[in-house]
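I opened the model to look up the ligand site and the pockets. My entries follow.

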Amino acid sequence: MWLCLPSETRMVQARYTFPRGFLWGTATSSHQVEGNNTNNNWWAWEQEPGRILHGHTSRLACDWWGGRWREDLDRAAETHQNAHRLSIEWSRIQPTPDRWDEDALDRYREILRGVQQRNMTPMVTLHHFTDPLWLAEMGGWENPAAPDYFSHYVTKAVEALQGYANLWITINEPGVLLSEGYLRANFPPAKKDINAAFRVAMNLLRAHVSAYHAIHQVQPTARAGLSHHVRLFHPKKRWFPLDRLAARMFAAGLNETFPHALASGDLRLVHKRARFAEAKGTQDFFGVNYYTTAEIAFNLFKPGDLFGEHSFPPGAELSDTGFLANVPEGMFETLRWARRFGLPIIVTENGVEDAGDALRRRYLLQHLHQLWRAVNFNYPIKGYFHWTLVDNFEWERGWTQRFGLWSLDVDSQARTRRPSADLYASICRENAIDSEAAARYAPEIMDSMFPEE
Ligand code: BGC
């Protein structure tokens, strides 16, 4: 009987269900959505010619500071998201070293109350790439006083906001901050200096550890962690020992420096080492941001790039500007790696730049399918935050990359819902990936995602 049905109705009916209470949300960051963040190092950086692609600047961003957070959080809640990750801006809360801005704290209270009123669990990031201008002028994270400044700010912020959140990320992607700011020179202060990078790594670690304790001091029930960026690195030729060595160096240097230091108390960066035992055990959960997987080939002529040549796996589908490859199996591999740290895991970012929203639908389904597999291996995964809600300012790539479930016209501030927003809504509502939703939004992957036999 089954075999006699016309082909379009011959579809497997199935669902991949997630555990009860799973967090489903999107992630945003202050500088990328608020607009007019004029008092931080990124704003200053954007004004320098040649720093940002096409001379773009963050300008009004998504105008959250002007009040559009309300309509965007409505969008998130109406599409059944039950959590939202946002960041607060240090340079607004502490505009000069000796002054707190109570109005800014009021505003963040209002926004977080808005998250709660929409029945979403807030997760708050305390540092997402931007530093107050005054800190940058004092040498930024190279200054040995930076961790103390950071922990004062964290104490103040958590005291003010503790009634509205108890999930905290101290620092977003310290590994990216380090590599882009001090080794590859894409972020301010654009250095290529391993000694500076090592000092910064130590100060970021110290800052995290004292922030972790400050959070718990103020709010004993809080859960605090970091968001670790993981880009998987595979050897281009798996049989070739030098490719394997180069890939290992990339993983150790770019992905593992901080997770390893927090697990062992040993900070290692390329050939540099230091002991910092107090770092051990200062995460209540393991936040992980997975976007893509790359291949590394050994190249003797690239000592500045850890002797590695970076490419994407042949045949992998690339995003709009070639920034990411769609490698969903990497999600599973990342979660398997994250599990070794013995903590609850939260996927704090995952997404793809895709203005046309064709790739994003498959990318989302395929990555969530891999996440579901990991859940079914009993990996302790508690939630998933998609990057991002509405197109936002993408750092040195300006407005050229569109990661939103909603598109944004930066001049008019008009938002347009992409089909992926509806797909994600159905997943959040059902707490499951349903074959019908998959067939509607990405029929081309049905055979691999819901095989008939
Ligand atoms: C960062 C985000 C960024 C995203 C996409 C992540 O590494 O945390 O701020 O927008 O990647 O580029």
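The model is predicted: local features need pLDDT of at least 70, side-chain atom pairs pLDDT 80 or more, while totals for chains, interfaces and linings use all residues. Residues are numbered from 1 along each chain as its sequence is written, and side-chain values use heavy atoms, without hydrogens and water.

I then looked up polar contacts, pairs of N or O atoms within 3.5 Å. A polar side-chain atom of Glu173 is 2.6 Å from a ligand oxygen. For Arg397 I read 3.0 Å to an oxygen atom of the ligand, and for an N or O atom in the side chain of Trp387, 3.3 Å. The protein buries 95% of the 310 Å² that the ligand exposes when taken alone (Shrake-Rupley method, 1.4 Å probe).

The ligand takes up space that is the largest pocket (more than half of its atoms lie within 2 Å of the grid points). A pocket is an open set of points on a 1 Å grid over the protein atoms alone, where a 1.4 Å probe fits, with protein on both sides within 12 Å along at least five of seven lines; lining residues have an atom within 4 Å of a point.

Note on methods: A polar contact is a pair of N or O atoms within 3.5 Å; within protein, one must be able to donate a hydrogen and the other to accept it, and residues adjacent in sequence count only if both atoms are side-chain atoms.
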